[in-house]
Amino acid sequence: MRAEIVLRRTKFEGVLTDSERLFTKNLVPSARVYGERLYDYRGEEYREWVPSRSKLAAYLKLGGKTFPFREGSKVLYLGAASGTTASHISDILAEGRVYCVEISPRSFRDLVAVCERRGNMVPILGDAARPEDYSLVMEDVDVVYQDVAQKNQVSMFLKNMRAFEAGDGMIAIKARSEDVARPPKEIFEEAERKLRREGLRVVENLPLDPLEKDHAMIVVSMK
Ligand SMILES: C[S@@+](CC[C@H](N)C(=O)[O-])C[C@H]1O[C@@H](n2cnc3c(N)ncnc32)[C@H](O)[C@@H]1O
């Protein structure tokens with residue numbers, strides 16, 4: 001028996017709360033992805049979504065207002081690592097699909113194990129800077145979500161937004177990956193300017209301190 005909990009919906013589709021913590025409904029009951037706690041609510045199982053392990057959860061905890069994921073969304077996730085955040089997105093889009101690109105073979109092995117249990121997660125071993133390499137196994141998507149912690153994060157993101165005609169996007173910018181010497185605020189503002197110059201509408205640019213030091217989440221829309 002799991003602990004019972006009382007949850008209520010948030011304004012974000014598929015995300016629930018007990019007033020303190022965030023939860024998503026477990027697509028694969030009894031299965032944990034990263035040691036997260038599981039709870040029962042009204043006969044269904046929910047997974048705690050831990051902000052110190054997921055920049056997307058940190059963004060919501062810190063007051064992020066825009067959340068483009070829907071039950072039927074198609075999502076391209078760049079930098080999926082072993083699938084921690086991607087698995088919560090997979091819970092939310094129970095009727096959709098999340099294509100997960102990861103460059104590290106070590107992380108990819110763990111990612112494949114997560115995807116094998118989750119019918120809506122597709123693992124892709126590849127370099128997010130080269131969308132042409134994986135376009136054959138993809139379809140157009142509604143949302144691009146990127147968290148690669150690498151130089152040239154914005155260019156990589158733009159390439160993928162265009163290649164798969166995404167209408168919405170979220171990019172977790174790690175300032176130190178762009179330039180260790182410059183103040184993070186400058187890097188976040190520069191990223192925002194570049195996105196605007198390329199014709200995207202920047203909806204939010206939210207620093208993730210103190211949950212994720214020197215990171216910001218930038219949310220964009222093509223609409
Ligand atoms: C900060 S971790 C991502 C954590 C993950 N988003 C989560 O919340 O569960 C960054 C990941 O991006 C991957 N990565 C870095 N450069 C990449 C690239 N060019 N293409 C695809 N993945 C990349 C790294 O191997 C690493 O696993």
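Is Arg42 buried or exposed? At 71% relative accessibility, Arg42 counts as exposed. The cut-offs are these: buried is under 20% relative accessible area, exposed is over 50%, and partly exposed is in between, with a 1.4 Å probe and protein chains only.

A word on the model. It is predicted, so local features need pLDDT of at least 70 and side-chain atom pairs count only at pLDDT 80 or more, while totals for chains, interfaces and linings use all residues. Residues are numbered from 1 along each chain as its sequence is written, and side-chain values use heavy atoms, without hydrogens and water.

Back to Arg42. Its phi is positive, about 50 degrees, and it is not a glycine. Arg42 sits in the loop between S4 and strand S5 (44–49). Helices (H or I, at least four residues) and strands (E, at least two) are DSSP runs, numbered from the N terminus.

Ser30 is another non-glycine residue with a positive phi, about 80 degrees. Look for Ser30 in the loop between strand S3 (22–25) and strand S4 (38–41). Ser30 is partly exposed, at 48% relative accessible area. For context, most residues other than glycine have a negative phi, and most peptide bonds are trans.

Which brings me to a cis bond. Asp209 and Pro210 are joined by a cis peptide bond, with omega about 0 degrees. Pro210 lies in the loop between strand S11 (201–207) and S12. Leu208 is in the loop between S11 and S12. Leu208 is buried, with 0% relative accessible area. From Leu208 to Ile173 it is 35 residues in sequence and 9.6 Å in space, C-alpha to C-alpha.

Now the ligand. Which residues come nearest to the ligand? There are 17 residues around it, and Tyr77, Thr85, Glu102, Asp127 and Ala128 come nearest. Being near takes a heavy atom within 4 Å. The shell divides into seven nonpolar, six polar and four charged residues. Here Ala, Val, Leu, Ile, Met, Phe, Trp, Tyr, Cys and Pro count as nonpolar, Asp, Glu, Lys and Arg as charged, and the others, Gly among them, as polar.

A polar backbone atom of Ala128 is 2.8 Å from a nitrogen atom of the ligand. For Gln150, an N or O atom in the side chain is 3.1 Å from a ligand nitrogen. For Ile103, a backbone N or O atom is 3.3 Å from one.

Next, H2. How many of the nine residues of H2 are buried? Nine of nine, so H2 is mostly covered. Among them are Thr85, His88 and Asp91.

On to the core. The largest nonpolar core has 33 residues, and Trp49, Leu56, Tyr59, Phe67 and Phe69 touch the most other members. Such a core is a set of buried Ala, Val, Leu, Ile, Met, Phe, Trp, Tyr and Cys residues joined through side-chain atoms within 4.5 Å. Elements giving two or more residues to this core include helix H1 (55–61), helix H2 (84–92) and strand S12 (215–221). At least three residues come from each of domain 1 (8–49) and domain 2 (55–221).

Last, Ser73. It is found in the loop between H1 and S6. Ser73 is buried, at 5% relative accessible area. A polar atom of the Ser73 side chain lies 2.8 Å from the backbone nitrogen of Arg70.

Definitions and conventions: Polar contact = N/O pair within 3.5 Å; in protein donor to acceptor, adjacent residues only side chain to side chain. Domains from an automatic or database assignment.
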